[in-house]
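Welcome, and please load the model in your viewer. We will go from one selection to the next, with a short note on what is there.

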Amino acid sequence: MKKIHSLAEFSRFQKTWSARKNGDPTVVVSSGTCGHARGSEDVIIAFEKVLSRRGKRPQFDFKVTGCHGFCEVEPIVRIEPRGIFYQRVTPADVEEIISETIGEGKIVDRLLFRDPVTGEKCLHGKDIPFYRKQKLLISGNNMRINPAHIEDYLALGGYTALAKVLKGVKPERLIDEVKKAGLRGRGGGGFFAWKKWESCRNAHGKIKYVICNADEGDPGAYMDRSLLEGNPHSILEGMIIGAYAIGVSEGYIYVRREYPLAIQNVETAIEQARRLGLLGKDILGTKFSFDVKIAIGGGAFVCGESTALMSSIEGKRGEPRAKYVHTVEKGLWNRPSNLNNVETWANVPLIINKGAKWYSRIGTAGSKGTKIFSLVGKIQNTGLVEVPMGITLREIIFDIGGGIPDGKKFKAVQTGGPSGGCLPESLLDLPVDFDRLSEVGSMMGSGGMIVMDETTCMVDLAKYFLNFLLDESCGMCFPCREGLDQLLTIVTAITVGKGKPEDLQLLQEIGGMMKDASLCALGRTAPNPLLSTMRYFQDEYEAHILKKKCPAGVCKALICYEIWKDKCAGCAACAKLCPEKAISGAKNRPHEIDPAKCIKCGICKDTCQYGAIQVI
Amino acid sequence: MLNITINGAEVKAQEGATYGACRLCIVEVGEGNRRRVVTSCNYPIEEGLSVHTDTKKIIGHRKLLIELILSRAPNSKTLQDLASRYGVEKVRFKNKNDDCILCGLCVRMCNEQMQSKAIGFVGRGKNLKVSTPFAKANEVCRNCGACMYICPMVEVQCRGPQTTGDLCNGCLRVTPTCVDVYDRQMCYVEDCGTCVRPGSQPAGGKSRKQKKS
């Protein structure tokens, strides 16, 4: 691939790729990190083995892509252009797919997705309920692009937004376009992107930076990883356009070391973009120069905070500083720096290509566009979902997510990761946008969505998040470090039955103080999971403190296993498995659990076929 | 560099040289909807800024912060005095009896004043501590002792009753109060015992006699 020296040359080059038509069917295998975990690499090896075989075999193209979103049924194999969607494919299925579907055009019935509600089989990806209500503007190209091939991105109109901008759009007009589109930062705060861009453009200083925040550290969230792995060029293109608008010639992508595939794919993408002249000096023959470096983080959650991230790039301890002077004026190395999240950058080329008018029609009055959520926890369809802003939580969880598995009841959903809040069933019809979520004590965050069913104890959950945050706090400021430590001590006491009624007041007091007095957003939002569970599940806290009972049956110190005599058949299956030999009884007679010996491991309850073991 | 006077001593100060970790200097700035809590040590002042240092919210937060810091190091005379000044009489948290409150003064002293950079923060969250690299003695440390000089915890411990959660505030109860007389100085008067509340058992020095009031 040769370096491109002019915009006209780029336009010709891009068209050769977008016009390319392929007659052969294409086998597309999704292979992000989630796919790897479920064995997609073995499937790829099996396909490659067939491809390398000499002799007569059906002709087909082969493409390895990033994550397709539906992680529950990985590895996914799609046969394009027919759009056939095969799920949970194993290496043993590969021969059959090639001979049946590609060779003879028949469908391999058992690999199709079966709708658990209607029982119908879905031939195409778009028929699957999981995908039906989604709007795949940002993540959709993950299914069509081999992240290691820049040609795939170019074929889908890649870098045309950049070319359009470089043709002579004034930076001010560009910022205005982003303003009209109403793009808000996808990293958590929901700050208007144009405001940051404009302040950074107007800030004094010759050297400025743009930074992409890919330090995604929320438990159970992986939207940014999937984008970096599946479509790194879209982020690069967004950054180059942003750099042009702000007037910057240097950029950083800050990504954590735990994302090796993402780092690898971004490195390849930067290398390819440089070779084509899309990055570096005089981009596409214009006077505009910009280059990107990758900064690899050690994986501290706090480094997702903008000032801590910049300290980390500088080679210092990832420690936030006061933001009374904004980073757009004094950021990285005290120079004006504009930091946006991965998803925010990925939205930029879309806005430029389709126009602010089109973009602002999607979403609600205050929040425009789509948002990617990682839907995890006690949910039927685990995966990444991209939905227009303003969709209700109920639609995401029940229509797209397929509801709660095993016929259990929905209890709460945690949005916004460890700094977000837990929302109860009564708020399920809440439209998802930045402002509405913060009104009810939660936040959009970067897009983690953890669903909980009736077997989740909310006090235990608050304890989990407090523990996570205490580990991940930088430890610098007193309210966050000491406050979290004391919150955790008190909540732990509540879960072991040592809670006092006045504890609730004290928890509120510390939480309120942390919200006001902490140094950075981590500390200011850290009490959210606790305060929101106290707000919406106060009865559960009271049950723990006053009745010394855990209604969800999770907190071991407060529960007791018992055998219902009329249900027990005396099969002794539980007695055989009990590690403490706490269950006794005559054969075919109701058994009994000795509470003194019982360690409350729950093995007996899981084993019993008769549902005779109850937690009280 | 700016020239300023702190407690009578003339010092050169650098802009933005504060650390902002203890958050005890919180104040509210602005009016109405725009009112927010900031730390006065590093908030850049501007023309017409309206500052509130004594609102109910600020005093409440500050008291709670003192309580939290005291729970970490209940025997510090400096912290006990601070508590007394703010009328904090009870610590509702479990004492941790830690020797270090992680204020970072030693690290800054070593790095900025002594130009040695021998110590720094290690770890994060609850595992944060001040240490030399890899917790080994290193040659850049000149054993100058500046870190000990500035440490608010290297001092004679408060000899008040050390029962968990109870602060004697004894030094406030005598007239004139010990805080008034000695101001910021540390209490070295081992056998004075004026501050010890009548009837309470001093926990620190065995040799000390209780003074009858």
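## Stop one: a charged pair on a helix

Select D176(A), which counts as partly exposed because its relative accessibility is 34% (buried means under 20% relative accessible area, exposed over 50%, partly exposed in between, with a 1.4 Å probe and protein chains only). D176(A) forms a salt bridge with K180(A), and the closest N and O atoms are 3.5 Å apart. A salt bridge here is a side-chain nitrogen of Lys or Arg within 4 Å of a carboxyl oxygen of Asp or Glu. Both residues lie in helix α8 (residues 171-181) of chain A, 4 residues apart, about one turn of the helix. An α-helix has 3.6 residues a turn, so residues three or four places apart point the same way. Helices (H or I, at least four residues) and strands (E, at least two) are DSSP runs, numbered from the N terminus.

A word on what you are viewing: this is a predicted model, where local features need pLDDT of at least 70 and side-chain atom pairs count only at pLDDT 80 or more, while totals for chains, interfaces and linings use all residues. Residues are numbered from 1 along each chain as its sequence is written, chains are lettered from A and ligands numbered from 1 in the order in which they are written, and side-chain values use heavy atoms, with hydrogens and water left out.

Over all chains, the whole structure has 39 salt bridges. Select R256(A) and E258(A), whose side chains meet in one of them at 3.6 Å, N to O. Is R256(A) buried or exposed? R256(A) is buried, at a relative accessible area of 7%, while E258(A) is partly exposed at 45% relative accessibility.

Next, pick E305(A) and K323(A), whose side chains also meet in a salt bridge (3.6 Å, N to O). This pair links distant parts of the chain, 18 residues apart: E305(A) is in the loop between β9 (291-297) and α13 (306-313) of chain A, and K323(A) is in the loop between α13 and β10 (337-341) of chain A. E305(A) is buried, with a relative accessible area of 9%, and K323(A) is partly exposed, with 35%. Then select R481(A), E482(A), D485(A), R72(B), K96(B) and D98(B), which salt bridges with shared partners join into one network.

## Stop three: along a helix

Show helix α12 (residues 260-276) of chain A. Its 17 residues should span 24 Å at 1.5 Å a residue, and the end C-alpha atoms are 25 Å apart, which agrees; the expected span is 1.5 Å times one less than the number of residues. Among the buried residues of α12(A) are L261(A), N265(A), Q272(A) and L276(A). G277(A) follows α12(A) and has a positive phi, near 85°.

## Last stop: chain B

Finally, color chain B by secondary structure to see 6 helices and 7 strands. Of the 213 residues of chain B, 38% count as buried.
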